[in-house]
Amino acid sequence: MTDIQDEIELMRRTANGDPAAFRTLADAHLTKIMNFAYRLLHNRTDAEDVAQETFLRLWKDAARFEPRARVTTWLHRIAHNLCVDRMRGRREQPSETLDEERVAPGEPVDRILDRHEVAGEVDRALAELPERQRAAITLVHYQELGNIEAAEVLDIGVEALESLLARGRRSLREKLANLKWQEVQREARG
Amino acid sequence: MKHEGNGLSDERLDALLKAAPDVEPSASLMRAVAEIPLRHPRAAAWWPFGVRRWVAVAAAALAAGVVLGVAVPDFESDDDAGLDALSTVAMGGDLSEEVAP
């Protein structure tokens, strides 16, 4: 039996009210969904709320799952819709990372940033992207979904997704062009 | 795909993106998710995608067809009694004599 078939069987058991099957699915997907929500919302409390609500929907609506999609795609789609609802509700309150001391956009950095600082800058650059570009970049780069699955999550065509990715990456290049990235490269190799 | 237009290649951008660490779910979130089945008990839902379900649905439809086919009388008739009765209801009177030659 393949992983996909295993997950479909777990979904069938969850739909039939099996808590053990639900917990197996939650163990497999919670961290991914939490990170997806965090990268879209840039707020840990909101991200945890979205993750919890996503798994509550999984428990209640497992019978609606259609096996033509992977479980991870289905969960990302639920989480994305919940994140969009929250973003519309608050219209981009200041994020946690944006509150920290930061390098001004476009300002040359005359020192090599440590990994934590670089991560903060990348986080901020992502947070400044339009919502759909941020979601596309997050789904493909961090959640490791293929373009077809990412497009399905966002309910758009693959060409539209590729356009979002291209625009998002162009914006990120502009925002991050001045970072000294040698530390990152060394650590990535190491 | 390489992009050197503004000094930051795809390779560099990918390395920077990888620098952003994952966040771990808190213990309270993991506990809350694990407790969802306890906090929201529910009856088993109907799962429409199993083969056995489809076989059961097809068998039930077949059985219903057989029962209806046996139980419901055949309305086809060679005489005009049924049509006369219908015309009586529709026209409020018996027209069979009026239209007879």
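**Backbone, fold and contact**

Modeller: His42(A) is buried, with 22 other C-beta atoms within 10 Å; the term applies when 20 or more other C-beta atoms, placed from the backbone, lie within 10 Å of a residue's own, whereas 12 or fewer make a residue exposed and counts in between make it partly exposed. This is a predicted model, in which local features need pLDDT of at least 70, side-chain atom pairs count only at pLDDT 80 or more, and totals for chains, interfaces and linings use all residues. Residues are numbered from 1 along each chain as its sequence is written, while chains are lettered from A and ligands numbered from 1 in the order in which they are written.

Colleague: What is the phi of His42(A), and where does the residue lie?

Modeller: Most residues other than glycine have a negative phi. His42(A), however, has a positive value near 55°, and its place is the loop between α2 (19-41) and α3 (44-61) of chain A. Asp155(A), also not a glycine, has a positive phi of about 60°. That residue is in the loop between α7 (147-154) and α8 (158-176) of chain A.

Colleague: Is Asp155(A) buried or exposed?

Modeller: Asp155(A) counts as exposed, because it has 10 C-beta neighbours inside 10 Å.

Colleague: Which residues touch the most other members of the largest nonpolar core?

Modeller: A nonpolar core is a set of buried Ala, Val, Leu, Ile, Met, Phe, Trp, Tyr and Cys residues joined through C-beta atoms within 7 Å. The largest has 56 residues, and Ala37(A) and Val122(A) touch the most other members. The helix that gives the most to this core is α2(A), with 12 residues. Beyond its neighbours within four places in sequence, Val122(A) is in contact (C-beta atoms, placed from the backbone, within 7 Å) with Leu176(A), Leu16(B), Leu17(B), Ala19(B) and Ala20(B).

Colleague: How many residues does each chain bring to the contact between the chains?

Modeller: Chain A brings 41 residues and chain B 34. On the side of chain B that touches chain A, α1 (10-19), α2 (27-34) and α3 (36-39) of chain B each supply at least two residues. Of these, α1(B) gives the most, with seven. By class, that side has 23 nonpolar, six polar and five charged residues; Ala, Val, Leu, Ile, Met, Phe, Trp, Tyr, Cys and Pro count as nonpolar, Asp, Glu, Lys and Arg as charged, and the others, Gly among them, as polar.

Colleague: At what angle do α3(A) and α2(B) pack?

Modeller: Two packed helices are described by the angle between their axes and the distance between the axes. Here the angle is about 15° and the axes of α3(A) and α2(B) are 10 Å apart; axes are lines fitted to C-alpha atoms, for helices over the stretch in contact, and angles run from 0 to 180 degrees between N-to-C directions. The two helices, α3(A) and α2(B), are therefore roughly parallel, a term for angles under 35 degrees, with over 145 roughly antiparallel, 65 to 115 roughly perpendicular and the rest oblique. Glu48(A), Ala51(A), Gln52(A) and Phe55(A) of α3(A) make the contact with Leu29(B), Ala32(B) and Val33(B) of α2(B).

Methods. Two residues are in contact if their C-beta atoms, placed from the backbone, lie within 7 Å. Helices (H or I, at least four residues) and strands (E, at least two) are DSSP runs, numbered from the N terminus.
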